[in-house]
Amino acid sequence: MGKWKSHFHTLNKLFETSILCIGVFFWFKKQVNTRLKVSLSIILNPRFRNMKVAFTSYNPDWEQQFLTLKQELDSVLGHLDVQVEHIGSTSVEGLSAKPIIDIMIGLKSKQDLDKLPVLMKQRGYIYYEIYNEDMPYRRFFVKLDKAPEEYSFPTQIAIGETVPEGLHNHDIRIANIHAIATDDENWTRHIAFRDYLRAHPLVKQAYQELKQELSQMDWKDGNHYNSGKDSFIKTEEAKAIKWFLDKNK
């Protein structure tokens, strides 16, 4: 009898061990499947793929596009006595760029910043309120090739919200609008760098060559690409600001 009890005990232990192994197997299988699904979702999501930044050779039409947008902005914001400036690579003759016009709206006072969203949204600009936490000195807007509602986009991306996936498609974007008070150092920084590039052909050429080199590389996203230009821009911006302030004494 004792012998049978011993065999039964051994079989029972083997059974329990088998059940435990089966449980571990299915748990492990579930973890692998979960990780695989997450990995595939990342791989298949365009925002997580390596990308190349496509540039267009300098286009003289960019200046006319800016003037058309400036006219519209002046009509919307003229009562605030704003200063509308063309900035970024599309404002510098000879530089290649993403064909999106960067515009800076200069305001007389920081108190005027929050007067813009209602006025801009009424004219079809999308207000990125989510950027206000990181850049409280600026209000940022985007102009698309169609009204936001035609793409089913909201006219405001509020703090805490996620930018709709479709808005990461820069092919439908016409302009980026940066509103800043003219007494803010960031206003001076942007204007100085633009004017410095226009006045210094060798620096402009070096910047053009850097952009061409970076365009051949793979980047996670636009911010990752911008990090590749960071060292050059910070170095040249410091020179540009000194040059600009000395010139305007």
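Let's start our walk at Tyr207, which sits in helix H5. Keep in mind as we go that this is a predicted model. With a relative accessibility of 4%, Tyr207 counts as buried, because the cut-off for that label is under 20%. Leaving aside residues up to four places away in sequence, Tyr207 touches Ser89, Leu95, Phe193, Leu197, Lys229, Phe232 and Ile233. One of these, Leu197, is 10 residues from Tyr207 along the chain, and the two C-alpha atoms are separated by 8.8 Å. There is also a charge to look at here: Lys211 lies over the face of Tyr207, at 5.2 Å from the ring centre.

A search of the whole structure finds 9 aromatic pairs. Take Tyr196 and Trp243 to begin with: their ring centres are 5.6 Å apart and their planes meet at 65°, so this pair is edge-to-face. It connects distant parts of the chain, with Tyr196 in helix H4 (residues 185-199) and Trp243 in helix H6 (residues 222-247), 47 residues apart. Are the two partners buried or exposed? Tyr196 counts as buried, at 8% relative accessibility, while Trp243 is partly exposed, with a relative accessible area of 23%.

Now back to our starting residue. The rings of Tyr207 and Phe232 have centres 5.4 Å apart and planes at 5°, so they form a stacked pair. This pair, too, links distant parts of the chain: Tyr207 belongs to helix H5 (residues 201-215) and Phe232 to helix H6, 25 residues apart. Both Tyr207 and Phe232 are buried. Elsewhere, ring pairs join Tyr128, Tyr131 and Phe140 into a cluster, and Lys143 lies over the face of Tyr125, at 4.8 Å from the ring centre.

In soluble globular proteins, nonpolar side chains tend to be buried together. In this model the largest nonpolar core has 23 residues, and Ile105, Leu116, Met120 and Ile177 are those with the most contacts inside it. At least two residues of this core come from each of helix H2 (61-77), strand S2 (101-107), helix H3 (116-122) and strand S5 (173-181). Which element supplies the largest share of this core? That is H2, with 6 residues. Apart from this core lies another, of 19 residues, and among them are Ala192, Val203, Tyr207 and Phe232, so the stacked pair we met above belongs here.

How many of the 7 residues of S2 are buried? The count is 7 of the 7, so S2 is largely enclosed by the rest of the structure. In a regular strand the side chains alternate between the two faces of the sheet. Both faces of S2 are covered: Ile101, Ile103, Ile105 and Leu107 are buried on one side, and Asp102, Met104 and Gly106 are buried on the other.

Strand S2 also has pairing partners. Strand S1 (residues 83-87) runs antiparallel to S2 and is joined to it by 5 bridges, with His86 standing opposite Ile103 in S2. S2 and S5, in turn, pair in the parallel sense over 7 bridges, and here Gly106 stands opposite Ile180 in S5.

Conventions. Residues numbered from 1 in each chain as written. Predicted model: local features only at pLDDT ≥ 70, side-chain atom pairs only at ≥ 80, totals over all residues. Heavy atoms only, no water. Core = buried A, V, L, I, M, F, W, Y, C linked by side-chain atoms within 4.5 Å. Buried < 20%, exposed > 50% of the residue type's maximum accessible area, 1.4 Å probe, protein only. Helix = DSSP H or I, 4+ residues; strand = E, 2+ residues; numbered from the N terminus. Phe/Tyr/Trp six-rings, centres within 6.5 Å; stacked < 30°, edge-to-face > 60°. Lys NZ or Arg CZ within 6 Å of the ring centre and 35° of its normal. Contact = heavy atoms within 4.5 Å. Pairing = 2+ DSSP bridges.
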